[in-house]
Amino acid sequence: MSAVYKFKPYNVGRWVIWSLFALVLVCAPLVFTSNLSTTMLAQMGIAIIACLSYNMLLGQGGMLSFGHAVYTGLGSYMAMHALNAVSAGQLGIPVSLLPLVGGVAGMGFAVLLGYVTTRKSGTPFAMITMGVAELVFAMSLMFSEFFGGEAGVSGNRVAGQPFMGITFGPQVQIYYLIAIYTFVCVALMYAFTQTPLGRMLNAVRDNPERVEFIGYNTQRVRYFAFIIAGFFAGIAGGLGALNFEIVTAEVVGAGRSGAYLLFTFLGGATFFFGPILGAILMIIAFVLLSELTKAWLLYLGLVFLFMVMYAPGGIASLIMMNLRVAKFGKLRQIWTSYLGLGVTAIVMLAGAGAMIEMVYHLQLNSALGDSVKFMGVMLNAKSLDSWFGAAFVMLTGLGLFELARRQYSLEWGEIQTEIEKEIKRRETAV
C-alpha cells in the first residue's frame with residue numbers, strides 16, 4: 001500500500017497581496033522623497049504595528065482597552081535605556097535589534113499586568129486597563145530616574161559599529177529598518193489569526209459561555225492574547241524610540257491610548273487590514289491636519305461621530321461591502337447616490353467648518369483682527385452675515401445629505417435583496 005500525499009494549492013491572491021505590500025514598503029520612499037514624507041512613512045509603519053497589536057485585543061478578542069499605550073510606552077523606555085547602554089559600551093547588541101528589547105519589555109509588562117486585567121471581561125476589563133494606564137502615567141512623572149521626568153529620556157541611534165555602511169543616521173535608513181519590522185510583524189500577527197489560539201480568541205469574543213462549556217478557560221485565552229499583543233506593542237514602542245530618539249511621558253498617556261482606539265475603530269476593527277488604514281489616517285491627522293487648523297481635534301471628533309452613526313464597521317467595512325456589490329455587478333446602480341452623498345456632505349462640512357474656524361478665531365486669535373480665511377473665503381468672525389451664511393450652508397447641506405442618504409438606503413436595500421436572490425439561484429443551480 002503506497003502512501004498518497006496531497007498538497008494544498010497556493011493561494012495566489014494572498015501571495016499577490018503580500019508581494020504588493022512588500023513592494024509598497026520598498027518603493028514608498030522612492031516615490032515620496034521629501035524629508036517630511038520619509039518621516040511620515042516611518043511613523044505610519046510604527047502606527048501600523050501598534051494599531052494591529054491593539055486590534056488583537058479589540059477586534060479579535062472583544063477586549064476594549066483604554067491603556068494600550070502602557071505597553072508601547074514602556075517598550076519605548078526600555079529600548080531607549082538599552083540604546084544608551086549600547087552607546088556607553090555596556091551592552092553589545094546591534095541597534096537594529098533594539099526594537100526586540102522593547103518587544104520583550106512590552107511582553108514582560110503584559111505578563112505582569114495582564115494577569116490582573118484579563119481576570120475580568122467587558123466593562124470591568126476596560127475600567128481596569130484605564131486604572132493601570134493612569135497608574136503608569138503617574139509613575140512616569142514620579143520616578144524620574146527611569147522615566148526622566150517631564151524632560152524624558154533621549155539617546156543617539158548612531159551607536160556601535162556601522163554594518164555595511166549603515167549607521168541609521170539618515171532618516172531613510174531608519175525607515176527601511178521600520179519597514180522590515182512592519183512587514184514581519186504584520187505577517188506574524190496575520191499568522192496568529194489563523195492559529196488555534198487566534199480562532200479560540202474569536203470564539204471567546206463571540207460566545208464566552210459556550211467556550212467555557214466545552215472546557216476552555218476564557219481568562220487564559222485572553223491572557224495569552226494580551227501577552228502577544230504586548231510583545232508587538234513593545235516592538236512598535238522600540239521603533240518609535242529609535243525614530244524620535246527621545247521618549248517622554250506622553251507615550252504612556254491616555255491620549256496615546258485613545259488614539260489607538262479611535263483610529264483602529266475608524267479603520268475597521270472587524271477586518272485585519274482595517275487597523276492598517278486607521279494607522280495611516282492617524283499619522284495624516286496628527287502631522288498634516290494639525291498643521292492646517294488648530295481645531296483638528298474637533299474635526300476628528302466629528303468624523304468619529306459621523307462614522308459611528310453611519311458606518312460603525314469602519315472604512316474597511318465600507319470597502320468590503322462595496323466589493324461584494326461590485327462582484328455581482330450592481331455597483332453602477334448606486335454611483336449617483338454616492339455622488340449625491342459626497343457633494344452634500346462636502347457642503348455640510350463646509351458650513352460647519354466655517355463656524356468652527358470662526359469660533360476658534362474668536363477664542364484664540366482675536367488679537368489678530370476679526371477676519372479669518374477659510375477655503376479661500378474671507379469671513380468676519382464678528383459679523384452676523386458670516387454666521388448666518390455659514391449656518392445656512394451647513395443646514396442646507398445637512399438636509400440634502402439626509403435626503404440623499406434615505407434614497408441611498410432604499411437603493412442599497414433593493415440591491416442586497418437582488419444579491420441574496422442571485423446567491424440562492426446559484427445554490428439551487430448547483
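Which residues is Phe263 in contact with, leaving aside its neighbours within four places in sequence? Hello everyone, let's start there. With contact meaning heavy atoms within 4.5 Å, the partners of Phe263 are Gly278, Leu281, Met282, Ala285, Phe286 and Leu300.

A quick word on the model. It is predicted, so local features need pLDDT of at least 70 and side-chain atom pairs count only at pLDDT 80 or more, while totals for chains, interfaces and linings use all residues. Residues are numbered from 1 along each chain as its sequence is written, and side-chain values use heavy atoms, with hydrogens and water left out.

Back to Phe263. Together with Tyr77, Phe263 touches the most other members of the largest nonpolar core, which has 87 residues. The largest share of this core, 15 residues, is supplied by helix 2 (residues 35–58). By a nonpolar core I mean a set of buried Ala, Val, Leu, Ile, Met, Phe, Trp, Tyr and Cys residues joined through side-chain atoms within 4.5 Å. Buried is under 20% relative accessible area, exposed over 50%, and partly exposed in between, with a 1.4 Å probe and protein chains only. Helices here are DSSP runs of H or I, at least four residues, numbered from the N terminus.

Leu300 counts as buried because its relative accessible area is 9%. Leu300 also contacts Leu262 and Ala285, among others.

Ala285 takes us to helix 12, which bends there by about 35 degrees; that is the angle between axes fitted to the seven residues ending at a residue and the seven starting there. Buried residues of helix 12 include Gly278, Met282 and Ala285, and their cover includes helix 2, helix 7, helix 11, helix 13 and helix 14.

Now for some charges. A salt bridge is a side-chain nitrogen of Lys or Arg within 4 Å of a carboxyl oxygen of Asp or Glu, and the count comes to 8. In one of them, Glu418 pairs with Lys330, the closest N and O atoms being 3.1 Å apart. That pair links distant parts of the chain, with Glu418 in helix 16 and Lys330 in the loop between helix 14 and helix 15.

Conventions. Helix = DSSP H or I, 4+ residues; strand = E, 2+ residues; numbered from the N terminus.
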